Amino acid sequence: MQQNQTQPTASAHSQKSDDDEIDLARLLGLLIDHRWFIIITTAVFMVFGVAYALLATPIYQADALLQVEKKSSGLPAIGEMSELFATESEAATEIEIMKSRMVVGAVVDQLRLTNVVKPDYLPVIGNYLARRSGEKDVVQVEMLQVPPNQVGKELHLEFVDNNFALYNSDGDRVLDGVVGTPAESGEWMLHVSAVQNPNTEHFKVTKLSHLAAVNFWQLKLAVSERGRQTGILNATIQDPDKQKAVRVLDAIASEYMLQNIRRNAAEAENSLEFLQRQIPTIKDNLNDAEEQLNKFRLQSQSVDLSIETKGLLDQVVEIERRLNELSLKEAELSRLYTRNHPTYQALIEQKENLEADLERLSAQVQQLPETQQQVLRYARDVEVNQEIYLALLNRMQELNVLKAGTVGNVRILDQAASGRGAVAPKKSLIVLITVALGGVVAVGFVLIRSALHKGIERAEQLEEEGINVYASVPLSEVQKQMNERLARLARRSRVESLQAPLLAKDDPTDLAIEALRGLRTSLHFAMLEARNNVIMISGPSPGVGKSFVTANLAAVLAQSGQKVLMIDGDIRRGYLHNIMNSVNDYGLSDLLAVRNKGSRKIGVANYHDIIVPSPIENMMFMPRGTAAPNPSELLMHPRMNELLEAASNDFDYVLIDTPPVLAVTDASIVGRYAGTTLLVARFGMTPTKEMVQTVKRFNQNGVEVKGVILNSVERKASAYYGYGYGYHYGYSYKS
């Protein structure tokens, strides 16, 4: 019992594995089948890629190299605490400064970049032809002024010899002038200093707003740091005009360096102003202290200090000097940091320590005689103020030297320059990308089309749905041409002009006819239990080859010595009369409608009057007749049944070609009269689900479908690799 359960499971896994392998093989086969489509599509993409690479305007790149060095804050410090002000310039900050409106805006004004002039060449190829000429078209605009409503709009500038005319955005002529002379008319002003136009006399002129020009060049400017923490900045600009790119980048680098110098000089200037404001106060304090000391000495007749008092004085003066230095530093730090900053907190801690030492010394001073205390205090004030005053004078000299020699912490290592070749478009890369894109698009189209239009490609697909396949008819070249012409005429809603050959007569050795001969044998046994010898041939949709199969099957049956009547049951759009090379004056519709023919009426008894001989012996043909507005009602008339009963007695086989059953109900009506119903499916076009729906439709109307004829079978790699020979076995195909 366990073994029986294991075997189906293993079989299911094996079947799943086979399906996966078949899918991969079929995928390869699909690509092989559509190899010419893929090759042609890829070639077309490649041609477009080559054309774009040749016609696209080349883009040149200018680059410059700058160095940002470490710098101090620019505020000279006093003593060891000056190290607290040392900072390092971050590359990201300098990059943003270089790309700022402050720098780029100054360059826009300097180079007059708000005036944009471009040659007006022919579309697509004009720029290419101008480049091939070897001469550039250049217009130098010194000044351009336009009304506010024309800012940012494209104007037209036309040159005739040495004269020019300017047209506004609406095409109105607003200004005339001469090259080299400023021209003015109302709000319009234009000064063209020079022009070189060997390729065109027409130019496009645009007056950009200052902000728009700045934004434009900001987008073009790219700045990055080389390496990490190197301080080396690489700046680039890409533009179709090589010289313009170099000129603009050079100006931006220079302006960036100059603003850096101005910024450092401004910091030195601020520190110098601060010291200049402090010196007068310190000077006054020093004078007052000296005056007080001299006055006290005269009053007390005390000149010298004892050694002990002198030592205390030196200590107090030193502490006072250091406290004053810290006060100056605190004033400068307050401009840079808050009180919670570690640097600021360290300075406060030092001040507190010095103030504690000063209180200790003050206690010692209190133990001295009163005269010595007073002398010490006055001497201390003089010494402290003198130290501070001299220190400030020295710093002022240093700042004056720093201000005069400020060079900034930015220098240009490499001036802006551009290589000889263009950086874009990369022609070889574009061609490779377009070729790859063409291949991907072609392969994708093939796979998607195959996924969306899964037509029958093997008989097993129908047999798995319980539908018998009676024959597989290979595609002949004649049938292929007829299908193409029929498809074109069907799109035009007419088939009267279709001239289709009868393959069984013109080329009886064709493989398609050989397959129909095999079908003839199968029909002999299939019709043994049929209630009559009427065979209806239908299909799910137009274009599957019903008429081709019907006509040639009838011919093959007649060639075997059987008497055959072929009826064109497609009263709407049948074209069998073209295959039979006969007229369509009267036919089935006229018979069913009992139309007049001359002076008498046609009835069931004289249907022989409307059948015509065919090119094949023993084969007669009844055309569809005049197009009727109510074909379904005509086919349901009792005269249709009487006609088929009479024809069934007079002929060995009666074949009826009918319209597609999924389109109209005519086939379901005729199928009730026929003893045998066959369907035609087209290889690679008719989906399996469509055939299942067709059979279901017939069954719902009480018509039993005997089987299917798989028409237009092609030897495809997808079928060969995916399913083996299958229905191809035994056939050889023409090239």
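**Helix pairs and sheets in a predicted model**

Let me start with helix H4. Its buried residues are Val103, Val104, Gly105, Val107 and Val108. Keep in mind that this is a predicted model. H4 covers residues 101-111. Just after H4 comes Arg112, with a positive phi of about 55°.

What does H4 pack against? One partner is helix H6, residues 210-220. Two packed helices are described by the angle between their axes and the distance between the axes. For H4 and H6, the axes come within 9 Å and cross at roughly 110°. Angles from 65 to 115 degrees count as roughly perpendicular. H4 and H6 are therefore roughly perpendicular to each other. The crossing of H4 over H6 is right-handed.

Now the residues in that contact. From H4 we have Arg101, Val104, Gly105, Val108 and Asp109. From H6 they meet His210, Leu211, Ala213, Val214, Trp217 and Gln218. By class, the contact of H4 with H6 has six nonpolar residues, three polar and two charged. Look again at Val104, Gly105 and Val108. They are among the buried residues of H4, and they also take part in the contact with H6.

H2 is residues 35-55, and H11 is residues 427-452. Their axes are 8 Å apart, and the packing angle is about 150°. That makes H2 roughly antiparallel to H11. Again, the handedness: H2 passes H11 in a right-handed crossing. The residues of this contact divide into 17 nonpolar, six polar and one charged.

On to the strands. Take S1, residues 60-68. How many of its nine residues are buried? Seven, so S1 is mostly covered. S1 has strand S13, residues 232-239, as a partner. Eight bridges join S1 and S13, and the two run antiparallel. In that pairing, Ala64 stands opposite Ala235 of S13. S1 also pairs with strand S14, residues 410-418. Here there are six bridges, and the strands run antiparallel. Asp63 has Ala417 in S14 as its bridge partner.

Strand S7, residues 163-167, is joined to S8 by five bridges, and the two run antiparallel. Leu166 has Leu175 in S8 as its bridge partner.

Another open sheet has three strands. The order is S5-S10-S9, with antiparallel pairing. S5, residues 138-145, and S9, residues 183-185, are the edge strands, and each pairs on one side only. Neighbouring strands in this sheet are turned by 20° against each other on average, direction ignored. S5 is joined to S10, residues 188-196, by seven bridges, and they run antiparallel. Gln145 sits opposite Met189 in S10.

Now a parallel pairing. Strand S15 covers residues 469-474. Is S15 enclosed or open? Five of its six residues are buried, so S15 is largely enclosed by the rest of the structure. Four bridges join S15 to strand S24, residues 707-713, and these two run parallel. Ala471 of this pairing stands opposite Ile709 in S24.

Last, the whole chain. The protein has 23 helices and 24 strands. It has 735 residues, and 44% of them count as buried.

To recap the two helix pairs: H4 and H6 are roughly perpendicular, while H2 and H11 are roughly antiparallel. And the strand pairings: S1 with S13 is antiparallel, and S15 with S24 is parallel.

Note on methods
Residues numbered from 1 in each chain as written. Predicted model: local features only at pLDDT ≥ 70, side-chain atom pairs only at ≥ 80, totals over all residues. Heavy atoms only, no water. Axes fitted to C-alpha atoms, helices over the stretch in contact; angles between N-to-C directions. Parallel < 35°, antiparallel > 145°, perpendicular 65-115°, else oblique. Left-handed = near helix turned anticlockwise from the far one by under 90°. Contact = heavy atoms within 4.5 Å. Nonpolar A, V, L, I, M, F, W, Y, C, P; charged D, E, K, R; others polar. Pairing = 2+ DSSP bridges. Buried < 20%, exposed > 50% of the residue type's maximum accessible area, 1.4 Å probe, protein only.
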